[in-house]
Amino acid sequence: MIARLSGTLIAKQPPLLVVDVGGVGYEVEAPLTVFYDLPETGKPVVLLTHMQVKDDAHTLYGFASEAERVLFRQLLKISGIGAKLALTILSGASGGELAQFVAEGDTAALTRLPGIGKKTAERIIIELRDKLDNLPATGTATTAGGDAAAPGAAAEATRALGALGFKPQEASRMVRQVAQPDMSAEDIIRLALKSTVKP
């Protein structure tokens, strides 16, 4: 199985991208969130991959972080969700946002994603709720030259606040109130904790 690609990005046309590794071009399907952090074509790129083998095709799916790949694999285990729908879900919500929707039992937010009905949203929440604690941090992108995305930092901050004893809904609300683009998880946590101190 192919678990990682490190090479030169030679084409990107969502949801497909092509990575040249030693003269071999690997076609990879990826969520839209991966494309936001990709370098220009001709530049080095590293992707974590999940390989799906079927009778009629071998398909590679690419991810910028281990957390995205783990979420993709968890989604595949849910009845009624195939690779295409899992890719669509991760394109419409970052790993941090998806974890937040699940932690808060927010079926309304999930049904706003393309292809997700109420029953599928409820299944996602039931299936993933107990697995959120085992997800790796979503903050570190493996694509060349990209800083950690804000949703990853926000998710990390939410988990840290949960570890400090705040309820998931309360931690999510605190993070949403203070998080800004390009803030680190540490900055978000510091501001969120400050917001709980009454003047």
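Reader: What pattern does the chain follow when read along the sequence?

Author: In this predicted model, the chain follows the pattern β-β-β-α-β-β-α-α-α-α-α-α-α-α. There are nine helices and five strands in the chain.

Reader: What makes Thr59 count as buried?

Author: A residue is called buried if its relative accessible area is under 20%. Thr59 has 17% relative accessibility and therefore counts as buried.

Reader: Where does Thr59 lie, and which residues does Thr59 touch, not counting residues up to four places away in sequence?

Author: Thr59 lies in strand E5, which covers residues 58-63. Leaving out residues up to four places away in sequence, Thr59 touches Glu29, His50, Met51 and Gln52.

Reader: Why are helices H2 and H3 called oblique to each other?

Author: The axes of H2 (residues 66-76) and H3 (residues 83-92) cross at roughly 135°. Angles over 145 degrees count as roughly antiparallel and those from 65 to 115 as roughly perpendicular, while an angle between these ranges counts as oblique. H2 and H3 are therefore oblique to each other. Their axes come within 9 Å, and H2 passes H3 in a right-handed crossing.

Reader: Which residues make the contact between H2 and H3?

Author: On the side of H2, the contact is made by Glu68, Leu71, Phe72, Leu75 and Leu76. On the side of H3, Ala83, Ala86, Leu87, Ile89 and Leu90 take part.

Reader: Why is helix H4 described as largely enclosed by the rest of the structure?

Author: Helix H4 (residues 95-103) has nine residues, and seven of them are buried, so H4 is largely enclosed by the rest of the structure. The buried residues are Gly95, Gly96, Leu98, Ala99, Gln100, Phe101 and Val102.

Reader: Which residue takes a positive phi just after H4?

Author: Just after H4, Gly105 takes a positive phi of about 60°.

Key:
Residues are numbered from 1 along each chain as its sequence is written. This is a predicted model: local features need pLDDT of at least 70, side-chain atom pairs count only at pLDDT 80 or more; totals for chains, interfaces and linings use all residues. Side-chain values use heavy atoms; hydrogens and water are left out. Helices (H or I, at least four residues) and strands (E, at least two) are DSSP runs, numbered from the N terminus. Axes are lines fitted to C-alpha atoms, for helices over the stretch in contact, and angles run from 0 to 180 degrees between N-to-C directions. Angles under 35 degrees count as roughly parallel, over 145 as roughly antiparallel, 65 to 115 as roughly perpendicular and the rest as oblique. A crossing is left-handed if the near helix is turned anticlockwise from the far one by less than a right angle, and right-handed if clockwise. Contact means heavy atoms within 4.5 Å. Buried means under 20% relative accessible area, exposed over 50%, partly exposed in between (1.4 Å probe, protein chains only).
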